[in-house]
Amino acid sequence: MPELLVDFITSLDGYASGEGWPGFWGLEGPEYLAWLGEQPEVTYLMGANTYRLMSGFSAGEVPNGQEEFRPEEEASVDELTRASKVVFSSSIEEPLTWANSTLVRDDAVEAVRAMKSSGSGLLSTIGSLSLCRSLLRAGLVDRFRVGIFPVITGATGAERVYDGYPDVALEMTEHRTFDGRIQLVEYKPRVLEHPPLGAPA
């Protein structure tokens, strides 16, 4: 049975992006980029907004505030173009123009539940905050990974990651530091119906 990984990169204060900032907040380094290049093959899951944004990048649309892609951004988009992608949307029309993309109009939670029960390999979200929240609430997420970049975007931050989340207990399964500044933490999540009654033993 495939695992489902929710994978975020965030600022220290929990934003997924910041107005006027480049990808990775311009803080990626060689260790981090090398680690990205070593990741196993996955099927990416995304919603309509992420699809529109990322497919636009693949077609040459440059992020606001930039004149051109940096080489590491271009390599990241190329990798996503080659990967298998599943897009959950009732508003996007076929045919999808981004290579290796499949449109699913059914309920995302039930579709992912079926993918997990019948498929193989690793499933991973990219962006798509509301999709991630729905999958977590449904108890379908096996791994929750966050790359925390050393920047606070209190004035310019966009897309607060954890708004609307339930309470979640997180059991750490991995952690490491890249380039002396980027923190990676990975957890096994467990959605809580109510706060724990006492501190852990």
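The radius of gyration used here is taken over C-alpha atoms, and the rule for a globule is 2.2 Å times the number of residues to the power 0.38. With 201 residues, a compact globule would come out near 17 Å, and this protein chain has 17 Å, so the two agree. Keep in mind that you're looking at a predicted model, where local features need pLDDT of at least 70, side-chain atom pairs count only at pLDDT 80 or more, and totals for chains, interfaces and linings use all residues. Residues are numbered from 1 along each chain as its sequence is written, and side-chain values use heavy atoms, with hydrogens and water left out.

**The whole chain**

- The protein chain has 5 helices and 10 strands; these are DSSP runs numbered from the N terminus, with helices being H or I of at least four residues and strands being E of at least two.
- Buried residues account for 41% of the 201 (buried is under 20% relative accessible area, exposed is over 50%, and partly exposed is in between, using a 1.4 Å probe and protein chains only).
- Take the contacts between residues at least 6 apart in sequence: 71% of them join residues at least 24 apart, where contact means heavy atoms within 4.5 Å.

**Where H4 meets H5**

- Helix H4 (residues 108–118) packs against helix H5 (residues 129–137) at an angle of about 65°, and their axes are 10 Å apart.
- Those axes are lines fitted to C-alpha atoms, for helices over the stretch in contact, and the angles run from 0 to 180 degrees between N-to-C directions.
- On the H4 side you'll find Ala108, Val109 and Val112, which meet Leu131, Ser134 and Leu135 of H5.
- That contact splits into 5 nonpolar residues, 1 polar and no charged (Ala, Val, Leu, Ile, Met, Phe, Trp, Tyr, Cys and Pro count as nonpolar, Asp, Glu, Lys and Arg as charged, and the others, Gly among them, as polar).

**Two residues to look up**

- Ala34 sits in helix H1 (residues 30–37) and counts as partly exposed because its relative accessibility is 39%.
- Ala34 and Phe178 are 144 residues apart along the chain, yet their C-alpha atoms are separated by 9.9 Å.
- Glu174 belongs to strand E9 (residues 168–178) and, at a relative accessible area of 33%, is partly exposed.
- Leaving out residues up to four places away in sequence, Glu174 touches Leu184, Val185 and Glu186.
- From Glu174 to Tyr187 it's 13 residues in sequence and 7.0 Å in space, C-alpha to C-alpha.
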